[in-house]
Amino acid sequence: MMATPANAPLPRISRVFAAVNIGSFRVSAMIMGQAEDEEMIVLGSSHRRAEGIKRGYVTDMRAATHAIRSAVETAEANANTSVSSVWIGCAGAGLSSKISSVEIAIGGRRIDEDDIEHLLFAARDHIQPDGRMVLHAQPAHYTLDGAHGVADPTGLHAEALGVDIHVTLAEGAPVRNLIEAVQSAHLDVEGVVASPLAAAHACLSYEERDLGVALIEIGAQVTNVSVHAGGMLLGLRSIPVGSNDITDAIASSLGIRRSQAERLKCVAGSAIATPSDHREMIPVNAPGDETGGPLARGADEQNRIPRAELVSIVTDRLGTMTTEIGKGLKAMGFSGANGGQVVLTGGGAELHGIAEFMQGALGLPVRVGKPPALRGLPEAHATPGFATLAGLCLYAVEDPVDIRTVGPSYQPTRRYSGLGLVNRVMQAVREYF
């Protein structure tokens, strides 16, 4: 298929979706249009430094609101359009997940759509949030007489029809704070999406999600580890560590400022050592700023350190992070012979050599995932750090079914009919909040 020329006129846009990803390091916004031929086109995007956010939690409402409003206004200017509502990602708030299984009797007859709706409505009573907020409650797998892996049971015969519901949970107060920060920026919230779901829509192929894959989203202060199979998210762990921990380790070990450490990590940091690292001297300060900031511990008179020292600090901290990631994967049954492809994304996945490092540490094949080649996507935003942002828009387009929207008119005394599986998670979120 030939690529569309960059200067080709835009086709007619039939729908517009907007998303805001509120991270601890940056707040980013994207406006995406769906053309009449269903092509997705990035109309405008932006990012700015985060304020008032720590490890995915709002810590200063006014600062967070200002950052959100600023990011959205820049994206609107780039898109030459305005938006009144956005989808937002949730990376912190103690994300977790569980599977609930429900079964109803069919009696050997042919299953129709009403039976599926009846089952999903019955499954609503089996959601047990245990005092937490339900972000998503989505059907993962259907079962026929206990046999798993049925994508669409309609038209098949069975004695019993079951479903495994994947429930994504979060702490309620932090999510409400995120929503309030967006609303205070004069925007409506279309939906709150767990960032592993959004990132999966951006950088996992359908085949990977079907066969089984682990997605590791490394943010600045939070790393989300999720497992996907059969086309659905099946497990999730949130780990309160991220790429900022590597920056802090560099700053602490060398006795320098965080800004200096962040620059060193991005410009010269690596997860892979090479024989020349001991000979290569790395300037701690940026070009033109040779006198700014303290001398690094062990630096020469020009404030340079051996690259080997930097690599050692990076790999030491990364090793600690990878151990926690490995524990999360093992807890979800994704390790050893039961493991498979691992995909790294998020800003932390941009560290040089990180895929090779984790492949060796986890003993599993690892690749780096980034947003798809969308028309209009700026080169600066076509990186792993913006995968979740693009994924939020792509998730909004697909708008998967949430069982909390199914069957409000169902009555046990009569056969269920009515809604079909057309209700969407957006309505569920609006009802819930």
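Predicted model: local features only at pLDDT ≥ 70, side-chain atom pairs only at ≥ 80, totals over all residues.
A residue counts as buried when its relative accessible area is under 20%.

- Five strands make up an open sheet, in the order β3-β2-β1-β6-β11, and the pairing is mixed.
- The edges go to β3 (40-49) and β11; each has a single partner strand, so one side of each is left without a neighbour in the sheet.
- On average, neighbouring strands here are turned by 20° against each other, ignoring direction.
- Strand β6 (residues 85-90) runs parallel to β11 in their pairing, which spans six bridges.
- If you want to find that pairing on screen, look for I88, whose bridge partner in β11 is V192, and for G89, which has V193 as its bridge partner in β11.

**Helices on the sheet**

- Helix α3 (residues 172-184) packs on this sheet and touches β1 (13-22), β6 and β11; its direction makes about 150° with that of β6.
- Helix α10 (residues 387-398) packs on the sheet too, touching β1, β2 (26-35), β3, β6 and β11, and its direction makes about 135° with that of β1.

**Nonpolar cores**

- In soluble globular proteins, nonpolar side chains tend to be buried together.
- Here the largest nonpolar core has 40 residues, and I250, L264, L318, L344 and M358 have the most contacts inside it.
- Elements giving two or more residues to this core include β12 (213-218), β13 (223-229), α6 (243-254), α7 (258-268) and α8 (307-331).
- The largest share of this core, seven residues, is supplied by α8.
- Another core, of 39 residues, lies apart from that one, and I22, V72, I88 and L95 are among its members.

**I250 and the α6/α8 pair**

- Setting aside neighbours within four places in sequence, I250 is in contact with G255, I256, A261, L264, K265, L310, I313 and V314.
- α6 and α8 pack with their axes 9 Å apart, at an angle of about 135°.
- That angle makes α6 oblique to α8.
- The crossing of α6 past α8 is right-handed.
- On the α6 side the contact is made by D245, I246, A249, I250, S253 and L254, and on the α8 side by E309, L310, I313, V314, R317, L318 and M321.

Key
Residues numbered from 1 in each chain as written. Heavy atoms only, no water. Core = buried A, V, L, I, M, F, W, Y, C linked by side-chain atoms within 4.5 Å. Buried < 20%, exposed > 50% of the residue type's maximum accessible area, 1.4 Å probe, protein only. Helix = DSSP H or I, 4+ residues; strand = E, 2+ residues; numbered from the N terminus. Contact = heavy atoms within 4.5 Å. Pairing = 2+ DSSP bridges. Axes fitted to C-alpha atoms, helices over the stretch in contact; angles between N-to-C directions. Parallel < 35°, antiparallel > 145°, perpendicular 65-115°, else oblique. Left-handed = near helix turned anticlockwise from the far one by under 90°.
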